[in-house]
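Please keep the sequence and the structure open while going through the points.

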Amino acid sequence: MSETLLSIENLSVRFNTYAGQVHAVNGMSFAVRKGEFFGLVGESGCGKSVTGLAIVRMVPAGGEIVSGRIVFHDQDLIAQSSAEMQRVRGRHIAMVFQDPAASLNPVFTVGNQIVRIIRRHTEASAEKARQQALAMFEAVALPDPERIFRSYPHELSGGMQQRIMIAMALSCGAELLIADEPTTALDVTIQAQILSLLADIRQRQGVSILLITHNLGVVAETCDRVAVAYAGQIVEEGTTEDVLFRPGHPYTQGLLSALPDSTGRREALRSIPGSVPDGLNPVAGCPFHPRCPRVMDVCRIQAPGSIAIAAGRRVACHLYQEGGRA
Amino acid sequence: MSVDVKPLLEVSGLSVHFSTRRGLFAPVRRVRAVDNVSFVIRRQETLGVVGESGCGKTTLGRAILHLIHPTAGQVLLEGEDILQLHGNALRERRRHMQIVFQNPYSSFDPRFNVLNSVGEPLRTHAHLRQPDLVRRVTEVLESCGMPGEILYRYPHEFSGGQMQRIAVARALVLNPKFLVLDEPTSALDVSVQAQILNLLEQLQAQLELTFLFISHDLSVVRHISDRIAVMYLGRVVELARTEELFTSALHPYTQALLASAPIIDLARRRERVILPGNVPNPADPPTGCAFHPRCPACREGCSQQAPELIDTGGGHLVACHQCQA
């Protein structure tokens with residue numbers, strides 16, 4: 001088993017709103033190993049994007065990290081000063097977002113933007129940075145890098161813009177790439193191109209990738225391991241194969257059976273009754289208990305701890321105890 | 001399923017062209033958003049339409065309802081060409097054909113409560129008195145799984161899934177025969193998507209509805225459709241029964257689309273076909289077969305002449321020079 005690169009320990013992020021305090025992330029814990037393609041999957045409002053932002057200490061205004069540790073290379077990122085964090089961002093941890101058009105500045109050429117990033121984080125001269133940028137464009141399989149370098153974002157397609165975002169993210173040799181729904185805004189044929197590019201970059205450059213997504217199919221196609229988030233917590237973590245084919249938590253089981261079957265059998269889908277709790281009014285006990293088909297008395301009172309049911313496999317559910325099923 | 005011999009909807013040669021120009025003095029260019037599309041939908045059938053963004057699937061749905069005026073073609077609803085109808089005659093036919101949009105928050109007026117929004121079609125079409133209107137709205141909301149107490153609440157008070165149930169209720173309030181569903185579950189989470197898909201199927205059986213289901217999500221279309229039309233750059237490139245399309249797709253674009261869709265099957269990870277390039281600009285489509293620059297099976301001839309949509313047997317239609325040879 002390879003060493004841990006990033007570990008999130010009991011992270012909680014809270015937002016103060018007019019309606020009250022929203023517990024967006026509520027005791028989230030998981031770990032990403034070196035060189036790993038790790039998936040953080042969940043439905044909207046489960047806290048997955050806020051967790052991604054918290055890792056690089058970019059929680060939006062109104063929100064604050066209230067407890068927990070984010071350990072990257074034996075360093076707690078929460079304890080870092082903002083100047084130190086600026087060095088970490090880009091140089092060590094980089095991020096790619098869902099909508100590349102919103103992430104790029106429309107008034108500068110993409111070449112200008114990537115050169116600025118490289119020069120901000122390294123000692124490179126303007127010409128050296130330009131060469132490096134062109135090499136990055138080539139690495140992400142952009143055709144005709146010279147022309148792209150001089151292009152403005154609006155002149156490029158969504159798929160090409162996302163390739164540029166990936167090139168920018170990796171231009172300073174980051175070890176961890178956080179990709180928040182990187183293919184959600186793209187068409188399926190382009191999505192397939194970007195996913196295979198990410199897998200390819202992981203192979204060639206050995207970066208670890210934390211993929212944040214709502215799409216279990218995308219996880220199945222790319223990730224080594226996966227954590228499933230619900231109401232700001234991780235309910236299950238394990239290898240992609242274990243989690244998707246032998247799901248332990250009733251929520252994961254429900255999510256998988258709600259998907260239209262890929263074999264196309266036409267029967268009623270099993271939906272999960274009710275909807276996701278809203279964070280304003282956290283549920284007592286296990287956050288999933290009001291929707292859980294296997295709810296027990298203890299679930300309503302006490303939140304389950306994260307239980308290791310096998311090596312590298314954790315489930316937060318009262319149905320289990322250390323080492324296996326209760 | 002009881003299949004009436006006469007189809008409910010016949011679309012033939014439907015085209016929607018838009019004129020655009022890049023600058024004030026630049027030449028006008030024609031965008032063929034929908035180009036010569038023909039198909040029939042039988043009673044109580046669901047025809048799925050899939051394709052990537054810009055392929056014209058939404059424009060097709062709107063043109064069929066005459067929400068956009070098509071450039072050419074015919075849309076026969078029970079034998080009557082609705083494109084020839086105007087004014088009151090068109091409004092009368094509209095009762096029978098309704099639409100559900102992708103984003104329920106933008107297709108509802110935030111200042112209207114549920115009763116006003118869902119009841120509005122009844123006011124314009126049925127001229128019901130208030131007590132009857134309230135009764136009908138309550139009834140249709142309940143059939144869509146929403147309690148009757150919500151009549152005086154507003155869109156922002158509901159979740160996306162609840163809003164989409166209300167949108168379906170609004171579409172059904174006039175007892176239509178035909179529904180265009182334009183990406184009705186794309187904005188929803190999977191657990192809620194399943195609720196809406198189940199609801200649609202249940203209502204279809206109960207109320208004998210006919211659906212045109214537009215989506216970019218192959219697994220959703222596969223689940224709900226009897227037949228599927230695949231669109232690329234304004235044209236239907238393949239049309240077949242659902243299982244046939246998924247087991248023996250003929251068009252190279254359909255094959256690539258099926259291979260690109262992420263599915264939960266670890267064994268498949270290594271053997272995927274990745275289609276190069278981007279969807280071309282519809283204002284400047286490639287010559288001949290619009291798919292030829294990205295096509296793995298492209299040969300000479302493909303760039304010169306556009307292939308016709310031809311039946312290869314048993315109602316499996318394909319528009320490809322290589323498949324037809």
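Predicted model: local features only at pLDDT ≥ 70, side-chain atom pairs only at ≥ 80, totals over all residues.

1. In chain A, four strands make up an open sheet whose order is E2-E1-E4-E5, and the pairing is antiparallel. Its edge strands are E2 (20–33) and E5 (75–76), each of which pairs on one side only.

2. Within that sheet, strand E1 (residues 4–17) of chain A pairs with strand E4 (residues 63–72) of chain A in the antiparallel sense, over eight bridges.

3. Turning to the contact between the chains, 35 residues come from chain A and 36 residues from chain B. On the side of chain A that touches chain B, at least two residues each are supplied by H8, H9 (216–222), H10 (240–245) and H11 (250–258) of chain A, and the largest share, seven residues, comes from H8(A). Sorted by class, that side of chain A has 14 nonpolar, 15 polar and six charged residues.

4. Helix H8 (residues 188–205) of chain A packs against helix H9 (residues 252–260) of chain B at an angle of about 50°, their axes being 8 Å apart, which means that H8(A) is oblique to H9(B). The crossing of these two helices, H8(A) and H9(B), is left-handed.

5. To this helix contact H8(A) brings Val188(A), Thr189(A), Gln191(A) and Ala192(A), while H9(B) brings Ala256(B), Leu257(B) and Ser260(B). By class, the contact of H8(A) with H9(B) has four nonpolar and three polar residues, but no charged residues.

Definitions and conventions. Residues numbered from 1 in each chain as written. Chains lettered and ligands numbered in written order. Axes fitted to C-alpha atoms, helices over the stretch in contact; angles between N-to-C directions. Parallel < 35°, antiparallel > 145°, perpendicular 65-115°, else oblique. Left-handed = near helix turned anticlockwise from the far one by under 90°. Contact = placed C-beta atoms within 7 Å. Nonpolar A, V, L, I, M, F, W, Y, C, P; charged D, E, K, R; others polar. Pairing = 2+ DSSP bridges.
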